[in-house]
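Subject: Structure handover

Hello,

Here is the structure I promised to pass on. My notes follow below it.

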Amino acid sequence: MSEHDDQERTEKPSEKRLREAREKGDVPRSRDLSGAMVVLAGVAALMSGGERAFLHAHKIYAMSLGYGREALFSGELPARVLGAALREALLLFTPVAVATLLATFAAPILLGGLSFSGQALEPKFDRLDPIAGFGRIFALRGLVELAKSLLKLLFIGSALAWVLWHSQDAMQATGRGTVVSGIAHALALLGRAALLFGTMLALIGGIDAVYQRFDYGKKLRMSKQELRDEMKENEGNPELKGRIRQVQHQLARRRMMQELPTADVVVTNPTHFAVALKYDDGHMRAPRVIAKGVDVLAMQIRQVAGSHRIPMVEAPPLARALYATTELGREIPASLYIAVAQVLAYVFQLRQAVAHGDAPPPPPTPDVDPDLMGPYRES
């Protein structure tokens, strides 16, 4: 990745990018934090069971000295002593092993969560390339890791050397006193050194955990163009979506114009709005809007209605209210039942008059609540 690319990656990683990285096993990890928690857990387990640990250590130490002349020349002595010592050592270190095992899972959970990825187990033969390997060693990240290791060695080594220097008397006392006091002094010294080592490592691990989170977020940063491309991939290309909507509108209009000849009446504004209604009392609970439009589309509806001799009723308030309240293919709302019933009754009377050669009835003037017209109240 070039420096120019790094400068362009200024945006936080998206949820999709984080999810894909996690699926590949790429999550923030800190070896220093994991090591610190393992050491501190082991020290805590050892020190919390100090009396029990002392007894097991005392038995192991006593086994190497507590045997007689016959046992010394017996071939069974080494196996018996070794077996007993192993049992005592197992009892001594089992709590420590359990605590450290739990700590190995706790550290990843705290930083990046547990993650198992099959992709991370796949062999990557490009890592066998020696040239690329030297490149990784002398890359900036490799130099940072080398500097961290040297600082840890210097920091922790100096602290342990200081403890040992100030514990010379305690170390010498382990060989001058009784077996019990020697074991006690040795365990106390070991505990202090391990506790200091764990504390130093925890301090370094805490700093490293913060750095690893920062470095992980920086590594997964995205450029504005990558965010736009991902948005297009997730939501679809806006131009393509617009084209799909346009085609859908065209298909819906075509179906509407094909169904229009079956309408019972067309309510007009008279020029701006046109709404075609159909009612079948055997299959519909209320009249249904099968076509509607404004301006040019309204003119087309009127033309089709005229060519198929569909009655057209001029009722501007009702036409606006029907257009505003009822979607295409839906039944009219109950608030317009009376007004539409007046129009349908007029159409029925008109058909009867034409069939018998009588004079046509006067057109209705249905009363409509102005609030039902919505934004078309003043059209």
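Predicted model: local features only at pLDDT ≥ 70, side-chain atom pairs only at ≥ 80, totals over all residues.

R285 counts as exposed, at 74% relative accessibility.

**Salt bridges**

How many salt bridges does a search of the whole structure find? It finds two.

R285 takes part in one of them, with E331 as its partner. The closest N and O atoms of that pair are 3.6 Å apart. R285 sits in the loop between β2 and β3, and E331 in the loop between α14 and α15. The pair therefore ties together parts that are 46 residues apart in sequence. E331 counts as partly exposed, at 29% relative accessibility.

The side chains of E259 and R288 also meet in a salt bridge, at 3.6 Å from N to O. This pair links distant parts of the chain. E259 is partly exposed, with a relative accessible area of 29%.

**The sheet**

In what order do the four strands of the open sheet stand? The order is β3-β2-β1-β4, and the pairing is mixed. β3 and β4 are at the edges. Each has a single partner strand, so one side of each is left without a neighbour in the sheet. From one strand to the next, the twist averages 20°.

The pairings in detail:

- β1 and β4 run parallel and are joined by three bridges. T268 has E314 in β4 as its bridge partner.
- β2 and β3 run antiparallel, with six bridges joining them. V275 has K292 in β3 as its bridge partner.

Five of its seven residues are buried, so β3 is largely enclosed by the rest of the structure.

Helix α15 (residues 337–356) lies across β1, β2 and β4. It runs at about 125° to β1.

**Backbone points to check**

Most residues other than glycine have a negative phi, and most peptide bonds are trans.

- P270 is in the loop between β1 (265–268) and β2 (273–278).
- D295: phi is positive, at about 55°, although D295 is not a glycine. D295 is in the loop between β3 (288–294) and α13 (296–307). It is partly exposed, with a relative accessible area of 43%.
- R309: phi is again positive, near 55°, in a residue other than glycine. R309 lies in the loop between α13 and β4 (312–314). It is exposed, with a relative accessible area of 78%.

**A surface patch**

Which residues form a nonpolar patch on the surface? They are L40, M47 and L195, with about 240 Å² of accessible area together. M47 lies in helix α3 (residues 31–48). M47 is partly exposed, at 47% relative accessible area.

Over to you.

Best wishes

How values were computed:
Residues numbered from 1 in each chain as written. Heavy atoms only, no water. Patch = residues over 30% accessible without salt bridge, like charges linked within 9 Å, V, L, I, M, F, W, Y side chains within 5 Å. Areas by Shrake-Rupley, 256 points an atom, 1.4 Å probe, with all protein chains shown as cover. Salt bridge = Lys/Arg side-chain N within 4 Å of Asp/Glu carboxyl O. Helix = DSSP H or I, 4+ residues; strand = E, 2+ residues; numbered from the N terminus. Buried < 20%, exposed > 50% of the residue type's maximum accessible area, 1.4 Å probe, protein only. Pairing = 2+ DSSP bridges. Axes fitted to C-alpha atoms, helices over the stretch in contact; angles between N-to-C directions. Contact = heavy atoms within 4.5 Å.
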